[in-house]
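Colleague: Could you walk me through this model, please?

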Amino acid sequence: MNAEMNGVDEARRSNQLQNINSLEEKIDYVFKIVVIGDSAVGKTQLLSRFAKNEFCFDSKSTIGVEFQTRTVAMKGKVIKAQIWDTAGQERYRAVTSAYYRGALGAIIVYDITKRPSFDHVARWVEELRVHADNSIVMTLIGNKSDLVDKKAVPTEDAVEFAEDQGLLFFETSAFSGANVDMAFLKLLEEIYNAISKKSLEISNGKLNGSTDHSSLKGSKIDVISGADMEISEIKKLSACSC
Ligand SMILES: Nc1nc2c(ncn2[C@@H]2O[C@H](COP(=O)(O)OP(=O)(O)O)[C@@H](O)[C@H]2O)c(=O)[nH]1
Ligand SMILES: [Mg+2]
């Protein structure tokens, strides 16, 4: 009986692996996204939540892991999000310019219970303006929304800052998972829209070296419906590594 069940499990697993491989083979785009913000705001946990649907309470400072990925199907294309973690460099404000190179999207994270982490967001945006491509799409995330009682940064303050700077904005909880997919997927969609627009302009001969990057900010984006989205089976199958 057990052997039979194992056989069924094996078959299902091998089926899933085939699905992974076929999705992985069809990748149309790889989008590099960098995550920055003060130490301990939950950057690594946000990444794990999005990439592996995991949260580890006893997470030590990030050592060694450079990036995590998740492959999604969106608007008929297969997009691999390659999301980079700072590996703790932010503690010494020593994030190198190589970290930002080639990034199409950036997520700046603060902790809703720590006012200073929000006050420092302007510095992180400035860092992006100096080191990253100026068409980079930025998202501001106020993390740890589950700690409502300890909230020290009013949502309105963050909304005002995000509107002023042309950033997408979400409050999330890596712990509960609230809004995490929404934040990452909106960023991916905004990058996709910006890229499609750019290649359309190129094919129409409109791009003459003076790209209007402001057009990439604040444009209307569609909410991705669950049906349009598929999670890479690789990530679904992976066991918790903590
Ligand atoms: N309550 C709560 N704790 C969180 C959340 N995200 C991260 N943490 C905790 O905050 C601490 C720092 O998280 P980590 O991801 O290592 O932060 P990083 O230094 O920005 O990468 C850890 O103790 C996490 O367990 C969250 O959404 N809610
Ligand atoms: Mg970390």
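Modeller: Let me begin with helix H2, where Lys43, Thr44, Gln45, Leu46, Leu47, Ser48, Arg49, Phe50, Ala51 and Lys52 are buried, a residue being buried if 20 or more other C-beta atoms, placed from the backbone, lie within 10 Å of its own. Helices (H or I, at least four residues) and strands (E, at least two) are DSSP runs, numbered from the N terminus.

Colleague: Before we go on, where do the numbers and the model come from?

Modeller: Residues are numbered from 1 along each chain as its sequence is written, and chains are lettered from A and ligands numbered from 1 in the order in which they are written. This is a predicted model, in which local features need pLDDT of at least 70 and side-chain atom pairs count only at pLDDT 80 or more, while totals for chains, interfaces and linings use all residues.

Colleague: OK, and what follows H2?

Modeller: Asparagine 53 follows H2, and its phi is positive, near 55 degrees.

Colleague: Which helix gives the most to the shell around ligand 1?

Modeller: That is H2, residues 43-52, with 3 residues. Of the 17 residues around the ligand, Gly42, Lys43, Thr44, Gln45 and Phe175 come nearest.

Colleague: Switching to strands, how do E2 and E3 pair?

Modeller: Strand E2 (residues 67-74) and E3 pair in the antiparallel sense over 8 bridges, and pairing requires that DSSP finds at least two bridges between the strands. The bridge partner of phenylalanine 67 in E3 is tryptophan 84.

Colleague: And E1 with E3, parallel or antiparallel?

Modeller: Strand E1 (residues 29-37) and E3 (residues 77-84) are parallel, over 6 bridges, and lysine 32 stands opposite glutamine 82 in E3.

Conventions:
Near = placed C-beta within 6 Å. Buried ≥ 20, exposed ≤ 12 C-beta atoms within 10 Å, placed from the backbone.
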